[in-house]
Amino acid sequence: MAKELSGSELKTRRWGMAVDLDRCTGCGACVAACKVENNIPESSPEEAQMGRVLRWIRVARREEPEGDRASVSLYPALCYHCGNAPCTLVCPVHATYKGIDGLVGQIYARCIGCRYCMAACPYTVKVFNWSEPRWQPELRAHTNPEVSLRYRGVVEKCTFCSHRLQRARDDAAVEGRDVREEDYQPACVEVCPAKALTFGDLDDDHSGAATARRSPRGYQLLEELGTDPAIVYLNRRERRV
Amino acid sequence: MNISRRRFLRLLSGAGVTISAHDWLFPRLEAYANERLAYGDLRGPGFTSFSRSVCRDCPNHCSLAMRKVDELPVGLRGTPWHPASLGALCVAGQSQMQALFDPDRLERPLQRPDAGAAAQAVEWDEGIQVLDERLRGLLSSGEGEKIAVVDGRTPSLGTRLLESWVRSIPGARYIPLRIEHALDRLVRQFLGGGAGGRLRFDLARAGTLLLVGSEILEHDGSPVTQMRTHGDRRENPLLSHAPTLYLGARQSPTAVQADYWIPCQPGREHEILLALAEALSKEHPQRDSILPEYARWISDALDPVGFARRYSLESVARRNRLDVEELEAAVRALRRFHPAVTLPGPGILRRPNGFSDAFAGLALNLWTDGFREEGGLSWGRDPLTDLTQELGLGPPGEADPASLSNILDPLFEIQRSPVDVLICVEANLVHELPGQDQIARALSHIPFVASFSTHEDETSRLSHVTVPTLIDLESWDLPSAAWGSPEASLQVQRPALVPVVEGRAVEDVVLGLASAGVAGPGFSPGAENWKDTVKAAVELIVERREGDLVDADGRRTLESASASAAVRSLVSGRSVWVAPSEPGARAEESEAGAEAVGGRGVRPERPPRLTDLAPNQLWLIPFDTPAVQRGRVLNRPMMMEISGMTHGLAWESWVEIHPVDARPRRIVTGDRVKIRGPRAEISTRAIVTRGVTPSVVAAPVGFGHEAFGSVAAGRGANPLKLPFAVLDKRTGAPAWGPVPVFLLKA
Amino acid sequence: MSESRRSPADRDEPLYRPIEHTGAGFYLTAALLMAVVLFGVYQYVNQFRLGLGVTGMNQPVTWGFYIINFVFFIGISHAGTLISAILRLNQAEWRRPITRMAEVITAIVLLIGGLHPLLDLGRPDRMLNIFKWGRLQSPLLWDVMCITAYFAASTVYLYVPMIPDIAKLRDRGTRPRWLYDFLSWRWKGTPRQRQVLNRAMNILMVLVIPVAVSVHTVISYIFAMTLTAGWHSTIFGPYFVVGAIYSGIGALLVIMIVFRKVYRFERYLKLVHFANLSKLLLVMSIIWFYLTFSEYLTGFFGREPAELAVMMFKLSGPYAVPFWLMVLLNFVLPVAILSRKRTRTIPSILVVSIGVVVGMWLERLIIVVPSLAVPYVDFPSHPYWPSLTEISLFAAAVALFWLGFMVFAKFFPLISIWEIEEGREVAIEEASSRIAGYLPDEPDTPVPEGTGRAER
Amino acid sequence: MSAHSSRPAHGHRPGVLAVTQRGPPATALRRSTTASCSLLLSLACSFLPALACSPTVDVEQPIAFVHKIHVAEEEIPCTDCHIGAEEADHATIPLGEDCADCHEDGNGENGENAEEARLVEMLASGEPIPWKRVHKLREHVRFSHRRHVVAGQILCERCHGEVAERELPFSRPNISFNRELGMERCVACHLESGNPRAGIDCALCHR
């Protein structure tokens, strides 16, 4: 049974991720895991051809020409849950907002579909439901009940599987303790075969993610924009994405 | 207020219309809303449970946990205690639910009066009856050699059952369709992780990894192991600075991860390798003894001076438009991080090109001697090996890797075809092998073809009877050991849910046939029912390996007394792995494996030269990607969407070409192009990238299904239409190596 | 015959003609435009039902025609109020036949432009969320406020100077009488009424200018407040305002020339009006070019990779054709044609101003799309092509504009009759005395105190 | 119309419609306004049902279950039957087997009555009892009973009112603040609860 906790006893955290690009092979397992966990329907071929694939995490490919060849890099790109999130600044209706523990949330029931946040996001990680998502009936019945099914006209994006955080918080509350780092992991991190993704509390100096952040190999994507993304990439090679 | 009669009536009718429209509209809208809420309605309290099964998309056999909320399956997760996957799942493995609920799955057997004719759904017994009659006829006339069975499934107790059933018929042939060949297996063994995330082969001492077109992260096999091993290698502090060199035509994910990419046009790997070897061997104490080795393969080597000149780093670099510095860096890396490991890729071996093959083996032998001496290569022990006999399935036949070519080669020469009945079990020969039209033609000349498949695919369209099969998540089996696992593990594949399609397992069909008398002497499986057979097998294993029982969770050794409880839990509860009693007992196999790599005893053939390419022609190199798996997973919409992700494509195939080739043809990214080979023409989208070398067209293998469900059919193009149907004689793997093609803008 | 009924002394009879006589041409044109509008409505209903999937927008290019047209139409709206307010404030006497048309353009186009963000919403049914849950931090909300304020101000600013004309129509007994009866506010033309009218106009004039400037500034803020390369620029506020006025003048000229021809206003809209306006157009063209140049030069000189990528996408990439066409239409053509008196004829002015309107639309296209199509990170880009829905809604918007203008012209005079009269009656004297005031004083006039001290 | 009167605040309110029907003074212009307004309103109505969260019509339960007997007289704790309340998101309606635990022999502790006889009959048939669901959450809401009951230690009565006194089966949602079951009420309670976990972050309650 829960003990009464005063506000100061609850630890605030900043959930974040380290992506080790030396380990990431671009296999796409994270993408599949995300689709299953977060009920992301497949686009129709016609929509896909127009570039309207719904995807909260993708494997991006960067090609830097070096004469006749290019140095290619592959990296997973997802919502960076910026500390200073440009998308939350411009939302006219508080549908995307800076929530607990540093997560940038997206509330579909509120969204009016103006797509301003998509235009404002320098990382191009938000996706829009251009049409009513088509679900094969059998698969729709087997979607994850913890995540809502979206509908046409709203913007969506990676939530760091915040429903898992909610579960972890509930469990912790029932046991009268704080959420531990191991209680909560997004689906992509859980599934990565190369263990390229590390998830944890960036404010906790001992967590894997925070350690990775301090690594000399570490850097943030578009650091210069000052968005303070919660995802840090690690790359020992000179080429960076 | 004064209201005139007219106005009152108007208002009244207006209100009436509004109200009735509303009353008409509202229930419909509420029904609509409720339908959307029905989701919530279906669910109970929200209790989560897991049931276990095994993914058999690849030989890795990752353990799965199907997550169910109120008994409704909602997703798959890996289980952290599987020795090879450690909780990870690959991209294809996670899409299994979509295969499960695919509306295009076959539910009843299909019968065709003639191969290629319209199919007609028949009752189960009727479909099997046809097969029964055919087999019985051949059996009674003693023409067992006219029966052949191609099995495309990964090894398991089920494949053993099928194998021993076939082998019990005198003369009948059982052919496992292992697209993976000996070298792939070696790669996997070599890199394959062991329990607890430790590498089974200590790559920390391997120094440089030289990959010659060996796309360890991409081609066939077990993505999870490959990815994870790669990750482990990177994590290893000793290894994190050991360079990986990739020699090949395309910047595949493997090449992306390698520290050096030496772009190399198809067919010229040998030059670069020879240059590297020449530079290295200058300092090698055994140079004199090495040279005769060269001499066996290269006539040039007889003239050491000419050889040295011809294969000096400078001249090779010039001929291949490379920087000498790059090659020198490679040599430095190889020398510094000695001993280096060379892994020749399937692309090299599959080509009828013994030369590079041989050299790759030579280089491997040269630089991995250290490991060989220490017995570094050893095989895990597969508990199923001894089991089959005790289960009454007879001794396991020696898997003859060449048998696929033995059977298919005559197929191509129709007149000599000895096969009357061909049974393809989850083996889509027509789609997965190069030279589709040749294979299709060969199949059409076989009097009776039966196929077992979840979908109506290209092969079943050419077969007389198609029998539906179950998906792994809804059937019983004992999959074979995880690849590369030192202590071969055993896990029970159980139905994670009630079968979605009312069907029968392949094994049940086989057992049914056998009990009706369609089997050779000596085939006497104890049970008539497949589920009972599996249970009996588990019972046996537990009995024999009581002391070795390891709990799946805690990896604790169980007390012998609890063995029966363990059995129960195996069948009804959670998976258990059995540790092998004698690890490394099959050392001789490792010798054989290394021998295969060395490639001795194979006649060298001329490599395709660049001069073989007519002006304007390009090399087509087909490649594998884990999200396509040669088309086996493309019936799942998710895979259709993820496969082309990095290029921004979905539901489509593509070819990668270099700007140098694209410019004169006025091709830009996204254009539709035609690729005309000597035997066929395909049309797909072009991606112009500097990630391939010039004069190369790289195409993913697996798209372009003509059947296989509505999701897969008609999407993209299959590059395997272009190469000839050639199999690598030694490995039995199809050779889909470079094909000279013309590229045109469509 | 109507001439005979009215007093022959009414010199401004041609200005009443369009209101009182409706030809077949009107109905035909209106029907045609109505058809286009209705097709647009049908397409919108389709979009409402099926979602924005019916448009051609895609993942990186999340804003397309609707936002382009939004910015474009709001830009056009600056034709009116701002120009007429500035001209009125300056007491430019040649403004008299122009102001009304300019103000009508504003009101109609603002209405149309203001609807465009709604077309663009994925969930138009939740549009009220903006008011219910609005966050003042979002530039989109500033926009909502500014546009509503501007719409209110410019409608009033259109209506107030129209009251005396409505009263004239009422007095002539033009039908529908109730309309003029209701709208004329019992205007009798008493000195008191005139005084109130003048004061109201003066207040509105001063008020409407900052509102108008704020509107387009805030629209530019929608873009400039994001970090997106090509948008994140301090110059965007003035750049948009200048562009807006520029396109507004262009649209005004087109309208003037067309309606001059159709309604035979040659006596009222003389070459001098066009010459003056086209000089203004020329000046705006040069200012526009100056700002464009500064914008692109700073972007180019800094060589910031993302900025440069967007710029190259415009200069030499897929958007090179619209870009250089824009430069041609917005700068080369106006300067070449309008800077010489010989070529400043009405047909050539028409060509130039149509060119400017098209060019300014292209400018909006070039601002909105390439920055989205070339994101910072590697994102597979898909070309943006508008779908039939978007094109037909654009056509519907343009048609609605013409239709609105025609319908307005059917009910109200397009040229301010009372202001013309006032011009005839008092302005010449007023202007000449004003001009006399500019001239140096005669030597015998005593020097006022203040000036003397200032000089010391 | 009356059937809809119980709809929550965000639902369609008949009153709103009535305003437009009253009709303003009859000018041609305003009449057309009326027409277009009602059209717009009926259009607007088409979105409202998507927000519907509960039946708007009284539903008839298969058995006239009396909470009073079970809760007040027999003193059975709520969570004995609504097992999900402490362990899961939904409180759940008990299964037939749970009823059968007490009613198996057709003789409840209070003696047999007609309703109980029907229950026993239904249980004997083996079919699940066709209870009609009256509580439906809107799709975008994540409401966990466990979170409120166990972690938040909120008593059932706080939201469900005096169930113990209830003699009729539930034909309508019985949330004590049902008529205004909207976000405002949730937020108000969260704000005054003083529990640091009961924040007003959107993602706490929105899926």
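Which side chains meet in a salt bridge at 3.5 Å, N to O? They belong to B:Arg67 and A:Glu146, with a salt bridge taken as a Lys or Arg side-chain nitrogen within 4 Å of an Asp or Glu carboxyl oxygen.

## Ground rules

This is a predicted model, where local features need pLDDT of at least 70, side-chain atom pairs count only at pLDDT 80 or more, and totals for chains, interfaces and linings use all residues. Residues are numbered from 1 along each chain as its sequence is written, chains are lettered from A in the order written, and side-chain values use heavy atoms, leaving out hydrogens and water.

## Where B meets A

Chain B and chain A each put 61 residues into the contact (heavy atoms within 4.5 Å). About 5000 Å² gets buried between them, with carbon and sulfur atoms giving 52%; that's accessible area, with a 1.4 Å probe, lost on putting the two parts together and summed over both.

The tally between the chains is 5 salt bridges.

On chain B's side, the elements supplying at least two residues each include helix H1 (5-42), strand E2 (63-69) and helix H6 (223-235). H6(B) gives the most, with 8 residues. Helices (H or I, at least four residues) and strands (E, at least two) are DSSP runs, numbered from the N terminus.

## A sheet in chain A

Over in chain A, an open sheet of 4 strands runs in the order E8-E1-E10-E9, with mixed pairing; strands pair if DSSP finds at least two bridges between them. Strands E8 (197-201) and E9 (218-220) sit at the edges.

E1 (residues 15-20) and E10 (residues 231-234) of chain A pair in the parallel sense over 4 bridges, and A:Val19 stands opposite A:Tyr233 in E10(A).
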